[in-house]
Amino acid sequence: SIQRNLVTKTAVAVPFGEGKNAAGRRRRMDETMFYFEEDPQEKRQPRRWWRRRRGQPKTKPEDVIIRTRRGRELPIPQTLRYYSSDWLRILAEMRESMILNRIFIIVASNVAWAAAVVLFHKFVWAIPTEPSTGPGMLKSALGYLLVFRTNSAYNRFWEGRKIWQEVVDKSRQLARYMVLYEQEIGTERARQVIRLVRAYCLTLKQHLTSYDATETKYIEEELLTKEEAESLRSWKRARPLFIAGRLEMLLQHSPFEGIFRGEDRLTVVGVARDIGGTLASCERIVQTPIPLNYARHTSRFLTLWIMLLPVTMVGDLGWLALPVTAFVTWAFFAIQEIGLVIGRSR
């Protein structure tokens with residue numbers, strides 16, 4: 001019964017906003033890398049890029065299931081995979097791209113600058129073209145900067161994913177121990193340990209992102225006792241630390257009965273201690289971003305390089321310098337923005 005309760009409540013805790021339209025769900029899918037589908041009771045047709053759902057269905061968290069784009073139900077969340085057959089749909093949805101929306105002002109500003117350079121070249125003074133100098137000599141250095149920036153951001157993202165996987169593994173391990181030693185520990189104490197594990201995961205998420213009033217109310221009323229909820233409010237900025245300490249103390253004061261003693265007891269307490277140790281690892285990633293000077297230098301270098309680009313090619317391309325500038329700006333600034341988005345992922 002404890003194991004069934006843990007699985008059910010974990011499924012309810014899947015974060016999904018109610019009343020979101022199809023476009024909003026797709027944008028959230030791009031940001032979270034997971035695809036959550038709605039209406040599990042309804043027989044759904046395979047999704048196509050030209051077919052969109054309309055309306056705002058009200059969906060309860062327990063009704064949310066996970067499906068692929070083609071409608072196949074998944075037992076666990078899986079990252080999206082790219083297939084060659086998706087190229088046309090992805091191209092058609094380019095106007096909804098989160099990255100393009102973020103850098104649209106940058107692209108428009110550089111196109112306006114390119115138009116001003118063309119007008120100056122046509123009506124004021126013919127700018128001489130020297131394609132072997134200027135931006136052509138700096139493109140390799142710019143490429144190295146962008147690749148290093150993106151790789152650094154992805155390494156941070158992957159380290160965070162490994163830390164969260166450790167939280168999941170240790171939580172499941174502790175839940176299995178509670179099921180195994182339920183008779184020795186006591187059913188009520190075992191259930192309390194599992195509730196504290198769930199409370200730790202939620203408070204850790206809030207500690208790293210932001211506090212949500214509804215989620216905090218759920219933690220205090222459903223997962224903690226009245227005394228624990230009152231103590232939790234006094235900890236303010238260290239709530240996961242309080243939950244982890246409470247979890248270890250609860251296991252340390254468990255009765256020495258049956259086989260729950262000796263090495264097994266130390267192992268269970270060690271697992272609880274490892275769960276609390278993930279807090280420091282998560283805080284290290286959140287509080288140690290990519291050095292700001294490096295990010296600023298990359299942005300300045302890229303901006304000046306793009307501004308010099310139409311100057312070097314206006315003599316050969318004329319008005320065609322505008323679409324070329326727009327394309328190059330989108331390509332390079334999108335790579336930079338992807339690195340920034342990955343680096344801010346939590």
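Is R284 buried, partly exposed or exposed? R284 is partly exposed, with a relative accessible area of 41%, where buried means under 20% relative accessible area, exposed over 50%, and partly exposed in between, for a 1.4 Å probe and protein chains only.

Before selecting anything else, note that this is a predicted model, in which local features need pLDDT of at least 70 and side-chain atom pairs count only at pLDDT 80 or more, while totals for chains, interfaces and linings use all residues. Residues are numbered from 1 along each chain as its sequence is written, and side-chain values use heavy atoms, with hydrogens and water left out.

**Whole chain**

Show the protein chain as a cartoon: its secondary structure comes to 13 helices and two strands, these being DSSP runs numbered from the N terminus (helices H or I, at least four residues; strands E, at least two). Of its 346 residues, 38% count as buried. With a surface displayed, the accessible area comes to about 21,100 Å², of which 58% belongs to carbon and sulfur atoms; accessible areas come from the Shrake-Rupley method with a 1.4 Å probe, and for residues only the protein chains shown count as cover. Among contacts (heavy atoms within 4.5 Å) with a separation of 6 or more, residues 24 or more positions apart account for 70%.

**Salt bridges**

Because R284 lies in helix α11 (residues 263-287) and E159 in helix α5 (residues 135-180), the pair ties together parts that are 125 residues apart in sequence. E159 is also partly exposed, with a relative accessible area of 29%.

A search of the whole structure finds 11 salt bridges, and one of them joins the side chains of R95 and E96 at 3.8 Å, N to O. Here R95 is exposed at 62% relative accessible area, whereas E96 counts as buried at 18%.

Select E188 and R195 next, whose side chains meet in a salt bridge of 3.4 Å, N to O; E188 is exposed at 51%, while R195 is partly exposed at 21%. Then pick D86, R89 and E93, which salt bridges with shared partners join into one network.

**Helix α9**

Which residues are buried in helix α9? Selecting residues 226-235 and colouring by accessibility will pick out E228, A229 and L232 as buried. They lie on the same side of α9, because they cover an arc of only 100 degrees around the axis, the arc being that of the directions from the helix axis to the C-beta atoms. An α-helix has 3.6 residues a turn, so residues three or four places apart point the same way.

Bring in α7 (187-208), α8 (213-223) and α10 (239-252), which are included in what covers the buried residues of α9. Following α9 is K236, whose phi is positive, near 50 degrees.

**Helix α13**

For the last stop, centre on Q336, found in helix α13 (residues 321-344). Q336 counts as buried at 8% relative accessibility. Leaving aside neighbours within four places in sequence, Q336 is in contact with L146, A295, T298, S299 and L302.

Notes. Salt bridge = Lys/Arg side-chain N within 4 Å of Asp/Glu carboxyl O.
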